[in-house]
Amino acid sequence: MSTPDFKEDPFQLPQNLTVRTISAVRQEILQLIDKNKSTTIEITDDCQVDISFIQLMEAARIYAGSAGKHIALTRPASGPVLDILKRGGVLEGMSDDDAKFWLHQRGTQ
Amino acid sequence: MSFPDPIAVFRTEAAELLEQIEAGLLDLNVNLGDKDQVDAVFRGLHTLKGSGAMFGFDALAAFTHHCETAFDRVRKGEVPATQELVTAVLEAKDHMRALIETPAGDHEAASEVLLANLRAAVEGAKNPGAAQTAGTVPAKTLFKIRFSLPQNAMANGTNPLPLLDELRELGECKIVADRSAIPSLDLLTPTDLHISWDVELLTAQPRSAIEDVFIFVMDEMQLDITAVEATAPAARASVKSEAAPSPQPVAATQDMAAAARAPTPASALTAPADTKPNKASENVRVPAEKLDELMDRVGELVIAQSRLSQLAGGSGDLQLRAVSEDVERLSGELRDTMMVLRMVPVAHLFSRFRRLVHDLAHETGKTIELITEGESTEVDKSVIERLADPLVHLVRNSCDHGLETPEERRAAGKPEAGRILLSARQQAGEVIITIKDDGRGINKDRVRAKAEASGLIPSGASLTDNELYQLIFQPGFSTAQQVTNLSGRGVGMDVVKRTIDALRGTINVASHPGQGSEISLAIPLTLAIIDGLLVRVGAGRYVIPLSAVEECLELSIEEDMRSRGRSFISLRDSLVPFLRLRDLFRTGTKPDPFQKVVVISTGAERVGLVVDQIIGDHQTVIKAMSKLHHDVATFSGATILGDGDVALILDVGHLVAEGQQQEAHLRAAG
């Protein structure tokens, strides 16, 4: 059985994206990237998030990039995720690639 | 292997923090301008708040935040420290303890009341000079800060974002997350933290304010703070000094309590010393019960060694003897090391009295200074624990009855402020704790009248001053004309006596009318293992604590006969009473031809104990007497000898008192 080239349905992350649940989220995303050439992640508006999730997504980008795969968010970071990006100093000094991934500035990665 | 419950660890460390906060507040109360103490209290509150939030004590964190804010304002010079503010935060500190002990309890109403008091204290203290301060624009310094938290910080509950928020509160801030160390997802342990931060902060705050942000997460973190430039040439000297050219990594500290420790200052009223550099990273926190367990094991080892020694001595096997001697030496060293581990400075005990005196001064309307000395004196931890209650009674008594009101003191030509000295020192195997006040002294006539009225002594009985003063420790005895909520009911001093007796200690009282009184407690340094002198009386063997032994003499039959009826020996031109233990214990045996006199003492009082044989020194593991023998005053405990027999340990204090009593009777009889 061949793996699909593109995962049509975005993967919706659970509501809790904090250090308490981050290990399980890592496992899910790792499997998704392994199974698919392209992974799209959907984050709910009312999610709980902390810096561990930002770190996880950064690690996922590295993993996907080194495997020649694609990972993206369904929409630009907003709400709690954007707040954590700001408070955590991630927005400052963002590269173009970072801005594309997190904020969808100038297209997607 | 079991790991300590993190909540229990938090509670322990929080309790220490609260003590430090209290000590800082009490020091500040004495010198309201002491900026170091303001900083110390602020740091303590800050740490408590942060740690509380980290461990889920949200009510504590929220409540402490208000006190922290109040002290932050004091720190920034917006509000001066006042006694009202100190009192409000002291009361709040007590409430914090409740929030730690029963976080699920209903504390809301109490919190509101205390916070209202706090607000009132802050409002009432607002500094008229603050407006002037606000009018001047302080110089700002640009700091470059780089920090990374320990890798397990998130797993341990530390959220880095509030730290970044706090940095932003200090001034204009640019924060950049360094994500370069984040590994690929397949290699990532997602609860580990791989992000570090670079911060540029333009602030009028000193470097210490930046360090304070990290104060409760300093364990193993990396923090470099570099002052790059000051914005105004007229920057204050303190700001200039901050502008060091090279980064100064902040030393990591092991626990939050250590992190919050006050920078230096000893109180004006506290004797110097005890300001050793903090080496928390070299310390290990061990539960007290583990030490007790270890002590028991060492005790058993000492007993087993004693048996081995006896077997070896009787066997004639030289190799066995050599091994036995080695084991004896090693067990002795182990015992000494164990003893050192159990020793804690009395500073911990004394510190609680500062608050007590503060509160008592408030309640009685007196001005009271508490002076402490010898706080580094070390005592076995179990002794320290049991000394707390008696000392509370004695200090209360001094505050309530000993010291006069300010008016009375003025009339007597004394300084308005009464003084209580609490001191500790070691003396020959004992710790001497002294509570001395400069009050009115003990009224001997009133003590005598009360004792006669209650039938404790016959009317007109001839008593020495010390004997008379000892009556105040009788149950129900009180000369107080008024019963206050502090003292005067006559319960308390008998508690002191009972506790000190149980500790195998003695109490000495001295008093001078109009000048004050002094109560000294002499307590053995340890209650666990002592060096003893093993003696034989009749067929029984007994242990005399070696620390009390002054010398041993031979009592010939002739001298024994000569001294019959008198029971005195002449020792370097002074007569020392002696007790024939054979008679005292009713052994029914004949005396050995060459009896020995073991001269023991407690302070200045001496007495000889006539024994049949001195067997030698003996490491004595003290076992408590059974409940059935609880009221046998002659013995303070028992020990197991090498051959499995039990030897009773003589209560030196009791025997000396008995000897002195005998002397007094003989002198009275002419």
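**Close-up 1. The salt bridge of B:Glu550 in a predicted model.** B:Glu550 is partly exposed, with a relative accessible area of 41%. The structure shown is a predicted model. The side chain of B:Glu550 meets that of B:Arg606 in a salt bridge, with an N to O distance of 3.4 Å. Distant parts of the chain are linked by this pair: B:Glu550 lies in strand E14 (residues 549-555) of chain B and B:Arg606 in strand E18 (residues 605-611) of chain B, 56 residues apart. B:Arg606 has a relative accessibility of 22% and therefore counts as partly exposed, since buried means under 20%.

**Close-up 2. A network of salt bridges in chain B.** Salt bridges that share partners bring B:Glu22, B:Lys93, B:Asp94, B:Arg355 and B:Asp359 together in one network. Over all chains, a search of the whole structure finds 42 salt bridges.

**Close-up 3. The pair B:Asp465 and B:Lys444.** These two residues form a salt bridge in which the closest N and O atoms are 3.2 Å apart. The pair links distant parts of the chain, as B:Asp465 belongs to helix H17 (residues 465-470) of chain B and B:Lys444 to helix H16 (residues 444-453) of chain B, 21 residues apart. B:Asp465 counts as partly exposed at 39% relative accessibility, and B:Lys444 is partly exposed with a relative accessible area of 31%.

**Close-up 4. The pair B:Asp336 and B:Arg335.** A salt bridge joins the side chains of B:Asp336 and B:Arg335, at 3.1 Å from N to O. B:Asp336 is partly exposed, with a relative accessible area of 41%, whereas B:Arg335 is buried, with a relative accessible area of 9%.

**Close-up 5. The largest nonpolar core.** This core holds 64 residues, of which A:Ile29, A:Trp102 and B:Phe147 touch the most other members. Helix H2 (residues 51-66) of chain A supplies the largest share of the core, nine residues.

**Close-up 6. The surroundings of A:Ile29.** When residues up to four places away in sequence are not counted, A:Ile29 touches A:Leu13, A:Ile41, A:Leu56, A:Met57, A:Ala60, A:Ile71 and, from chain B, B:Leu185.

Terms used:
Residues are numbered from 1 along each chain as its sequence is written. Chains are lettered from A and ligands numbered from 1 in the order in which they are written. This is a predicted model: local features need pLDDT of at least 70, side-chain atom pairs count only at pLDDT 80 or more; totals for chains, interfaces and linings use all residues. Side-chain values use heavy atoms; hydrogens and water are left out. A nonpolar core is a set of buried Ala, Val, Leu, Ile, Met, Phe, Trp, Tyr and Cys residues joined through side-chain atoms within 4.5 Å. Buried means under 20% relative accessible area, exposed over 50%, partly exposed in between (1.4 Å probe, protein chains only). Helices (H or I, at least four residues) and strands (E, at least two) are DSSP runs, numbered from the N terminus. Contact means heavy atoms within 4.5 Å. A salt bridge is a side-chain nitrogen of Lys or Arg within 4 Å of a carboxyl oxygen of Asp or Glu.
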